[in-house]
Amino acid sequence: MQLIAVFDRLLEQHGPQHWWPADSLFEVMVGAILTQNTAWSNVEKAIANLKRAGKLSARDIVATPHAELAALLTPSGYFNIKAQRLRQFCEWLLENGGYARLAQRETAQLRRGLLSVHGIGNETADDMLLYAYARPVFVIDAYTRRLFARLGLVAGDEPYEAVREFFEATLAGESPARDDDMTGLFSEYHALIVAHAKHVCRKNPACDRCCLRADCPSRQQSSAA
DNA sequence: ACCCAGGGTCATA
DNA sequence: TATGACCATGGG
């Protein structure tokens, strides 16, 4: 099965996902750090804490003492590490002229900059590139590896960049009709993979194959309005 | 009580 | 290059 065919099935079953859930581009970047190995429901609580405290900007975060920032991040887990990562990211953002200035960089250069921040790895950087900087980058997470390994399209344990390049190159070849908006395609695709992972397939490996067929029994209950 | 979540870093071999 | 330990809360 082609990658674009999998996308079409996922979209049909789960509907448009409206990602990334956030009120601002800065909030997207904060969420990308806070959601590292963490359920999104917990991240929402931490972001709500930041908003309530008036700390949802780089300037306000760098001005906040570590203990206070960590306390606000408590619900998202790893609060000491994430407070440090969030601060260092905000410092980097301010040192480099802020979002608008960084958005002028070419994608590869911007990625290198993001990866130079301690605590920002491949997936977090690509989340930001795709959802905050609108770059045509395919985000590879554990769900993506698991789903497409089950479909037999990847081994699952390849290096991050190898999997990302496989998705980007393959989709570019398969969907020339959409290649004026690969950012839109990649945004929706990654969101759909996450939505699919939260489905019944999580504890039933065979369901990943089942759900991609037209007669999947779970189709009615999961289809979007 | 156990498992895992929209990862990343570090030490070790 | 490739494992394993560590970080920590909250929901199923």
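What follows is a short exchange about this predicted model.

Q: Which residues surround DNA strand C?
A: In this predicted model, DNA strand C is surrounded by Asn 37, Thr 38, Ala 39, Ser 41 and Asn 42, together with Thr 74, Pro 75, Gly 77, Tyr 78, Phe 79, Asn 80 and Ile 81.

Q: And which helix gives the most to that surface?
A: That is α6, with 3 residues, although α3 (40–52) and α6 (79–95) each supply at least two residues of the surface near DNA strand C.

Q: Staying with α6, at what angle does α2 pack with it?
A: Helix α2 (residues 25–34) and α6 pack at about 145 degrees, with their axes 10 Å apart, and the crossing of the two is right-handed. On the α2 side the contact is made by Val 30, Ile 33 and Leu 34, and on the α6 side by Lys 82, Arg 85, Leu 86 and Phe 89. By class, this contact has 5 nonpolar residues, 2 charged and no polar.

Q: New topic: which residues of α8 are buried?
A: In α8 (residues 107–115), Leu 110, Arg 111 and Leu 114 are buried. They cover an arc of only 100 degrees around the axis, so they lie on the same side of α8.

Q: What do those buried residues pack against?
A: They pack against α7 (98–102) and α9 (122–131), whereas the face of α8 turned away from its buried side carries the exposed residues Ala 108, Gln 109 and Arg 112.

Definitions and conventions:
Residues numbered from 1 in each chain as written. Chains lettered and ligands numbered in written order. Predicted model: local features only at pLDDT ≥ 70, side-chain atom pairs only at ≥ 80, totals over all residues. Near = placed C-beta within 6 Å. Helix = DSSP H or I, 4+ residues; strand = E, 2+ residues; numbered from the N terminus. Axes fitted to C-alpha atoms, helices over the stretch in contact; angles between N-to-C directions. Left-handed = near helix turned anticlockwise from the far one by under 90°. Contact = placed C-beta atoms within 7 Å. Nonpolar A, V, L, I, M, F, W, Y, C, P; charged D, E, K, R; others polar. Buried ≥ 20, exposed ≤ 12 C-beta atoms within 10 Å, placed from the backbone. Arc of directions from axis to C-beta.
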